[in-house]
Amino acid sequence: MVWFSLVSDEMKFNDLQAKEAVLLPLISLQRQSAVELFYTGYFSQAHIVSMGDVVRAWLDKHEASLPLRRRLFSVFIEMGQNIVRYSCDERYLGCGADERRFGSLCFHTDAGNYYLETANLVGHEASSLLQNNLDVLRTMTQAEIKQAWKEGLRSEAPASSKGANIGLLTMARETSEPLEYRIHPLAASTLSAFHLKATFAHD
């Protein structure tokens, strides 16, 4: 198992509440399956590339199917980028292309499937956008998702989406089951904990 962790020594009560909201959906997974990679901390494009190298190396060693390795790696990149786009709390660092957002990511396996899961905090606007997009995706067939993905490549995504429409479509077309998600509003906060799960059946 590869374990990454970045935890501040000085945290307010609200910071603890936020961290628990991000971590708790994922921590319980360690008792249920083999965790190959778990990271909680700041996400940037550089972090995603670095962790992607670990996932790619693990898959090259343990998974014979090239199409499955490609699909899983593609979704891993999209899920990491989703955190960079939408994670929203006071711990963000930098700005623009150098922005780092806080979240958690877990890659784990069992006898039948691979799983990728992420958790991060989102504001009201992002929460509504993600819920609407994911609810629509969960009603679509794979043929409809693939057609929408092709159409999305030819059209410009709305500015408010930050590219997430095509990103969610990419995830949905590559997984073995519909994307799963949970959104939990935090007490005494305008933020919600967003948990996303992608499942891949072993070939």
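In what order do the elements of the chain run from the N terminus on? In this predicted model, the order is β-α-β-α-α-β-β-α-α-α-β-β, and the secondary structure comes to six helices and six strands. The chain has 203 residues, of which 48% count as buried. Among contacts between residues at least 6 apart in sequence, 72% join residues that are at least 24 apart.

Confidence was considered along the chain before individual elements were examined. The mean pLDDT of the chain is 80, with 75% of its residues reaching 70 or more. Among the elements, helix α3 has the highest mean pLDDT, at 93, whereas strand β1, comprising residues 2–5, has the lowest, at 36.

Helix α3 spans residues 66–86, and its 21 residues reach 30 Å from the first C-alpha to the last, which is close to the 30 Å expected at 1.5 Å a residue. Because 15 of these 21 residues are buried, α3 is largely enclosed by the rest of the structure. At the start of the helix, a side-chain oxygen of Ser65 comes to within 3.2 Å of the backbone nitrogen of Leu68.

Helix α4, formed by residues 124–139, has 16 residues and reaches 23 Å between its first and last C-alpha, close to the 22 Å expected at 1.5 Å a residue. Its buried residues are Ala126, Ser127, Leu130, Asn133, Leu134 and Leu137. These residues cover an arc of only 145 degrees around the axis, and they therefore lie on the same side of α4. An α-helix has 3.6 residues a turn, so residues three or four places apart point the same way. The face of α4 turned away from the buried side carries the exposed residues His124, Glu125 and Thr139.

Among the strands, β2 (residues 34–43) is mostly covered, with nine of its ten residues buried. Strand β2 pairs with strand β3, residues 101–109, in the antiparallel sense over nine bridges, and Gly41 stands opposite Gly103 in β3.

Strand β4, which comprises residues 113–122, includes Asn113, and Leu116 also has its place in this strand. Asn113 counts as buried because its relative accessibility is 16%, under the 20% cut-off. The side chain of Asn113 is joined to that of Tyr115 by a polar contact of 3.1 Å. When residues up to four places away in sequence are not counted, Asn113 touches His108, Thr199, Phe200, Ala201 and His202.

Leu116 is buried, with a relative accessible area of 0%. Beyond its neighbours within four places in sequence, Leu116 is in contact with Leu72, Val75, Phe76, Met79, Cys106, Phe107, Leu196, Lys197, Ala198 and Phe200. Among these partners, Leu72, Val75, Phe76 and Met79 fall within residues 66–86 of α3, while Cys106 and Phe107 fall within residues 101–109 of β3. Leu116 and Thr199 are 83 residues apart in sequence, yet their C-alpha atoms are 6.7 Å apart in space.

Notes
Residues are numbered from 1 along each chain as its sequence is written. Side-chain values use heavy atoms; hydrogens and water are left out. Helices (H or I, at least four residues) and strands (E, at least two) are DSSP runs, numbered from the N terminus. The expected span of a helix is 1.5 Å times one less than its number of residues. Buried means under 20% relative accessible area, exposed over 50%, partly exposed in between (1.4 Å probe, protein chains only). A polar contact is a pair of N or O atoms within 3.5 Å; within protein, one must be able to donate a hydrogen and the other to accept it, and residues adjacent in sequence count only if both atoms are side-chain atoms. Two strands pair if DSSP finds at least two bridges between them. The arc is that of the directions from the helix axis to the C-beta atoms. pLDDT is the predictor's confidence in each residue, from 0 to 100. Contact means heavy atoms within 4.5 Å.
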